Amino acid sequence: MQTADIYRRFASFEARGESLCYEEWAEGVASDADLLTLIDELPVWKRQPNLVFAAARYAGVSAQPFDEFRTELVAAWPEVTELILTKRTQTNEPGRCAVLLPLLSELPQPFALLEVGASAGLCLYPDKFSYQYGDLPRLDPARGPGTTVLSCAIEGPVPVPATLPEVVWRAGIDLNPLDVSQSEDMRWLETLVWPEQDSRRQRLTAAIDIARTDPPQLVSGDLNETIETLASQAPSDATLVVFHSAVLAYLSADARAQFVATAKSLRGHWISNEGLPLAPIVSPTVLPPPPDPTKALFVLAKDGKAVAYAGPHGQSLLWFG
Ligand SMILES: C[S@@+](CC[C@H](N)C(=O)[O-])C[C@H]1O[C@@H](n2cnc3c(N)ncnc32)[C@H](O)[C@@H]1O
């Protein structure tokens, strides 16, 4: 796909309805031959709108109309390029715990959670948030209300639990683990949240605070090379759950196939939450038509069987009947 098409598609498919600023920026870039030339000088895997726009904002370009953005971006391009080349899109969305939780409720406790592609590991704390599923009674951690409520609209027979799970071990793998104790790492995570999404930023801040009180064990490395060793360290008297969200898109076809084979061979269970186009890699299940084909959707699967459509940030669950 040409870079202009990538930006156009991002504007209409991902940013529309989520961030007017990013929608305008992406549409503007898609029609700007000079900016496209600059972006095309980057390695192919570094040209994504999410990374370019986050790097621009990290370098000080503020959320503003496209013309002003363009002027500042061009002036800051050397610094922005440096950031693009050294950083990755590692958006860590703790809201995805709301998608993980119903599947955990069907498995024996306590849990040993192992997340591949964990970023800062903020999805490793499904037991620490409060949850609001549709208009069901709110679910709070055993030790009183959580500081942050994850809201998730539900449709279909979602197995919402009555209580939160017990997690006795949490570990993750990432090519570049982000450290909740490092302010630069956390500033990058905050910048990866789109400009208007204040509630996502607040949720992120709360999740960082939670993780700081009990930091996860994060291993640096490729998930295929490290998963078996890390899984072998999980306590044997807990149910091992290997999970991932928004990760498979970063792997080659061979690496995805290798990972799927490993995930199936490990003890315990495997939960996948990935973009709709990647669903066939994880699950042979024939999916019902998506409710709105113009909106990005994730597919949630357990042990290779698709069970639900999920909002990309954990904001909704449509359970298959
Ligand atoms: C978009 S983030 C998602 C983070 C987290 N799973 C979530 O849902 O909030 C994708 C993460 O996968 C990591 N990643 C990509 N390829 C990887 C690989 N081969 N091995 C380990 N981690 C990888 C990236 O570094 C990044 O932190």
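Strand 6 (239–245) and strand 7 (residues 269–275) run parallel and are joined by five bridges in this predicted model. Here strands (E, at least two residues) and helices (H or I, at least four) are DSSP runs, numbered from the N terminus, and two strands pair if DSSP finds at least two bridges between them. Phe243 has Ile271 of strand 7 as its bridge partner. On the way from strand to strand comes helix 11 (residues 253–265), and the three elements make a right-handed β-α-β unit; right-handed means that, with the strands pointing away from the viewer, the path from the first strand over the helix to the second runs clockwise.

Strand 7 also pairs with strand 8 (residues 298–302), this time in the antiparallel sense, again over five bridges. Ile271 stands opposite Lys302 there. Five of the seven residues of strand 7 are buried, so this strand is largely enclosed by the rest of the structure; buried means 20 or more other C-beta atoms, placed from the backbone, within 10 Å of the residue's own.

These strands belong to an open sheet of ten, with mixed pairing and the order 2-3-10-9-8-7-6-1-4-5. Strand 2 (130–133) and strand 5 (217–220) each have a single partner strand, so one side of each is left without a neighbour in the sheet.

As for conventions, residues are numbered from 1 along each chain as its sequence is written. Local features need pLDDT of at least 70, side-chain atom pairs count only at pLDDT 80 or more, and totals for chains, interfaces and linings use all residues.

How values were computed: Buried ≥ 20, exposed ≤ 12 C-beta atoms within 10 Å, placed from the backbone.
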